[in-house]
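Here is a quick tour of a model, written for someone who likes to click along. Have the viewer open and follow the headings.

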Amino acid sequence: MFYFAKYLAQIIVMGAQVVGRAFARALRQEFAASQAAAEARGGAGRQSAAASSFTGMTLQEAQQILNISTLTPEEIQKNYEHLFKVNDKAVGGSFYLQSKVARAKERLDEELSIQQQHQSKPPDQQQQT
């Protein structure tokens with residue numbers, strides 16, 4: 001019986017080590033990928049990350065909520081108006097969903113503003129931000 005408990009303990013410890021190593025490796029890969037993405041976006045990437053933190057919603061989440069594939073003001077406004085009306089409480093909609101739609105539009109508007117600022121800077125200033 002003692003040997004069985006000893007082997008069971010060894011199996012548990014080895015399993016925990018394997019899972020721990022796999023988790024650490026996945027964490028390093030994710031960190032490297034996020035750094036590469038931030039470097040690829042340059043200064044706009046840092047501003048976009050700050051906007052995500054401020055609004056509590058990532059750009060991808062906002063695009064999914066408003067069903068937007070490209071960031072154009074016309075498409076954002078059209079989808080926003082439609083989804084806001086559809087989710088109006090007076091017609092049986094949900095205030096929660098309506099507020100999600102409004103937050104998504106705010107996030108996308110902020111991203112458009114960031115992109116416009118980044119494009120309007122001279123190339124030598126884009127490197128510095």
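## Helix α5

Which residues of α5 are buried? They are Gln98, Val101, Ala104, Lys105, Arg107, Leu108, Glu111, Leu112, Ile114 and His118, where buried means under 20% relative accessible area, exposed over 50% and partly exposed in between, with a 1.4 Å probe and protein chains only. For background, an α-helix has 3.6 residues a turn, so residues three or four places apart point the same way.

Helix α5 covers residues 95-120, and its 26 residues should span 38 Å at 1.5 Å a residue; the end C-alpha atoms sit 37 Å apart, which agrees. The expected span is 1.5 Å times one less than the number of residues. At the start of α5, a side-chain oxygen of Ser94 comes to within 3.2 Å of the backbone nitrogen of Tyr96.

## What kind of model this is

This is a predicted model, in which local features need pLDDT of at least 70 and side-chain atom pairs count only at pLDDT 80 or more, while totals for chains, interfaces and linings use all residues. Residues are numbered from 1 along each chain as its sequence is written, and side-chain values use heavy atoms, with hydrogens and water left out.

The protein chain has six helices and zero strands, and reads α-α-α-α-α-α along the sequence. Helices (H or I, at least four residues) and strands (E, at least two) are DSSP runs, numbered from the N terminus. Of the 129 residues of the protein chain, 21% count as buried.

## The nonpolar core

Twelve residues make up the largest nonpolar core: Met57, Leu59, Ala62, Leu66, Ile68, Ile76, Tyr80, Leu83, Val101, Ala104, Leu108 and Leu112. Each of α3, α4 and α5 supplies at least two residues of this core, and α5 gives the largest share, four residues. A nonpolar core here is a set of buried Ala, Val, Leu, Ile, Met, Phe, Trp, Tyr and Cys residues joined through side-chain atoms within 4.5 Å.

Met57 sits in the loop between α2 (43-55) and α3 (59-66). At 6% relative accessibility, Met57 counts as buried. Met57 and Ala104 are 47 residues apart in sequence, yet 7.4 Å apart in space, C-alpha to C-alpha.

Asn67 lies in the loop between α3 and α4 (73-86). Asn67 isn't a glycine, but has a positive phi of about 55°. Most residues other than glycine have a negative phi. With a relative accessible area of 62%, Asn67 is exposed.

Terms used. A polar contact is a pair of N or O atoms within 3.5 Å; within protein, one must be able to donate a hydrogen and the other to accept it, and residues adjacent in sequence count only if both atoms are side-chain atoms.
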